[in-house]
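Thank you for coming; I would like to take you through one structure this morning. Please have the sequence and the coordinates on your screens while I talk.

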Amino acid sequence: MTMPDTSLSDTTATSRTDRSATPLLRVRDLSVRFGAVTAVSSVSFDVGKGEVFGVVGESGAGKSATARAIIGLLPPTARLGGSVLYKGEELVGASKARLRKVRGPEIGYVFQDALTALDPVRTIGAQLAEVLAVHRRMPARQALEVAADLLSELKINDPKRTLNAYPHQLSGGMRQRAVIAAALIADPEIIIADEVTSALDVTVQRKVLDLLLGVCSARGAGVIMITHDLGVVAQTCDRVAVLYGGIVAEEADVIGLFDAPRHPYTGALLRSMPRMGESGAFVPIPGSAIQVFGTLNTCPFADRCERAQPRCREALPAETRTPGGSYRCINPLEGMA
Amino acid sequence: MLNFILHRAGQTLIVLFGVTLIIFFMLRVMPGDPVALMFAEGDDEDIGAARAEFERALGLDRPLYVQYFVFLGDILRLNFGNSIVRGGEPVLDMVARALPLTIELSIYALLIALVIAVPVAILSALKQNTVWDRGGTAFALIGVSLPSFWQGIMLVMFFAVWIPIFPVSGVLDTRLSITRVTGAPFTDAVLTGNWEAAWSVLRHMTLPALTLGTGICGQFVRVLRSSLLEVKHQDFIDAFRARGLSERAVVRHMLHNAMPTTAVIIGLRIGALLSGTIVIETVFAYPGMGYLLIQAINARDFPVVQGVVVLLTAMVIAANLMADIIHGMLDPRVKLSGGRGNK
């Protein structure tokens, strides 16, 4: 946990600590635009091998756009900028053929809504085996065995029956496990979990999360946990990036973030959520999430921030490094530390 | 499943009953009657007695409702009667001669429609809102809106008269003959290895099939395009891409998902196809069911018209039933069941 960062290109990086010499995935200054709308202005983070990295934010903060940009899964109208390095290889602007080889065996993607993320007219088995047929040229019978093993690893009692079932015949939790299996079956090194539990009943959320993380850590795969739920972050993540208005407002290890948030947005988020042992009303964040058009040249949170100063609206605050991460604020919170 | 079939059989009986009622009384209300046409009224001789005898022999002198119930009883015993005009030939024999021709023509038309419609619809849906899409949609609109009788005549003018690549009418060059096996000319020619005759039949069928095909082709394009578009924006399509599937494989899965809906539409269009043959076969003097029907109507050959209409109706209903069953097979979410409510 204390090896020095080898990043040279990043001018703001000082003596940053990192988990490994070369992170598995390095996102730098990633931007995504759809015409005039800027979904992501500038997002940077690293994910190490076996690490669980949280990306948290309100809807519209650019979480899903960031996640999809990593594997190039955006509509052709999207304009990408910045850099996504996977094991040192640039994925932004990579050829379609190369991206196809990355998707699945290198980076797996777990979709949010398990009902719509599975093909309704084919069995679970056919869909899982297909992934292995594409990437490993594995014959169907053998692929189905691998799939059955993976399903039992995901605590599905009767994998053979599940493989023969169609998505509509399964319960929500089962379907979500099938979707997780589809993302994991080609043994990726990173899993992007896009709001995996949001569509599930609260009773099964925790179970599905535990299964996902259990299987990932058994395989040493890193996880990018995309969620709007700080509870999920607290339970599962090692480090976390708080996204707002298409920028990383704050990045920190989970304990640091919950104990001593630096960015006022993080602080406001924490205050708006129920915490154990506290009573009284939660404090909602005034106003609603921002939509960015064109180039972002102000702090996106300024309009809703109680600590805002005139300077906040003059330029996008630069990244300030902290021992455990970074934040973008010129008037950060200090008190809680 | 059994419940479904029984339920549908019940509906079928009701429809068929309605059709017998309509066709029977329509024919009687229509001006002109068969006996008058045969006797060419106004001749010098007094034919009153002969005429009355003829009418009695055909049962046309009895009250209408009696005639209807006799007809209904015959139909229920699958007795479709004999032609009044053509020397009393049994209607079923005439149908047996004409039906295979119409079936072959319809299948050919269906194939032409699919061969054109599938690529056009895929191109249109994948390149939505581009020139390709507009072209495809315009093509579909033209296909749907062209009146088939006019299109048939135009095709004859272009490809049979000006550039004579296809024959004008009929089924087979007169110098050729086909040994009868099933009654369907192309199938028989192929079965007996008579390639020259098979080629001739194919050439004869091409213009009518093309005319029929373009009409339904337009509908297929529209249906397939819209169901592809519906599938295209589903999450699981992106999920395929996220698993590293090639664009080709993704399109294949899109088609698989769009197929059930399209199959149903094809089944429902079988009715349109058959009614299309009535016009087209007349334009091309192709001796199928449509040709038979029009000739029988002109001669007021009541039993033939009634028999052909009832049989055509039964075929359309059967095709719709098939479409539903195929839909159930293609889409695992559909459960065939009878009665109201759950589908």
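This is a predicted model: local features need pLDDT of at least 70, side-chain atom pairs count only at pLDDT 80 or more; totals for chains, interfaces and linings use all residues.

The patch is made by B:Phe17, B:Leu21, B:Ile22, B:Phe25, B:Met26 and B:Leu64, and its area is about 550 Å². To be in a patch, a residue must have over 30% relative accessible area and no salt bridge, with nonpolar side chains (Val, Leu, Ile, Met, Phe, Trp, Tyr) joined within 5 Å and like charges within 9 Å. Accessible areas come from the Shrake-Rupley method with a 1.4 Å probe, and for residues only the protein chains shown count as cover. B:Phe25, which sits in helix α1 of chain B, is partly exposed at 31% relative accessible area, where buried means under 20%, exposed over 50%, and partly exposed in between (1.4 Å probe, protein chains only).

Residues are numbered from 1 along each chain as its sequence is written, chains are lettered from A and ligands numbered from 1 in the order in which they are written, and side-chain values use heavy atoms, with hydrogens and water left out.

Now to the interface. Chain B brings 19 residues into contact with 25 residues of chain A, contact meaning heavy atoms within 4.5 Å. The area buried between the two chains is about 2000 Å², and carbon and sulfur atoms give 60% of it; buried area is the accessible area (1.4 Å probe) that two parts lose on being put together, summed over both. On the chain B side, B:Ala242, B:Arg243 and B:Pro332 lose the most area to chain A, together 32% of what that side buries.

Which salt bridge spans the two chains? B:Asp238 pairs with A:Arg68, with the closest N and O atoms 2.7 Å apart, and the rule finds one such bridge across this interface, a salt bridge being a side-chain nitrogen of Lys or Arg within 4 Å of a carboxyl oxygen of Asp or Glu. The elements of chain B that give two or more residues to the side touching chain A are α10 (235–242) and α11 (247–283), and α10(B) gives the largest share, seven residues.

Over all chains, the search finds 26 salt bridges. One of them joins the side chains of A:Glu51 and A:Arg239 at 2.7 Å, N to O. A:Glu51 lies in the loop between β4 (37–47) and β5 (52–56) of chain A and A:Arg239 in strand β11 (residues 239–244), so this pair ties together parts that are 188 residues apart in sequence. A:Glu51 counts as buried at 5% relative accessibility, and A:Arg239 counts as buried at 6%.

In chain B, B:Arg77 and B:Asp74 meet in a salt bridge at 3.5 Å, N to O, and here B:Arg77 counts as exposed, at 61% relative accessibility.

Lastly, a point on the backbone. A:Asp29, in strand β3 (residues 25–34) of chain A, has a positive phi of about 50 degrees although it is not a glycine.

Notes. Helices (H or I, at least four residues) and strands (E, at least two) are DSSP runs, numbered from the N terminus.
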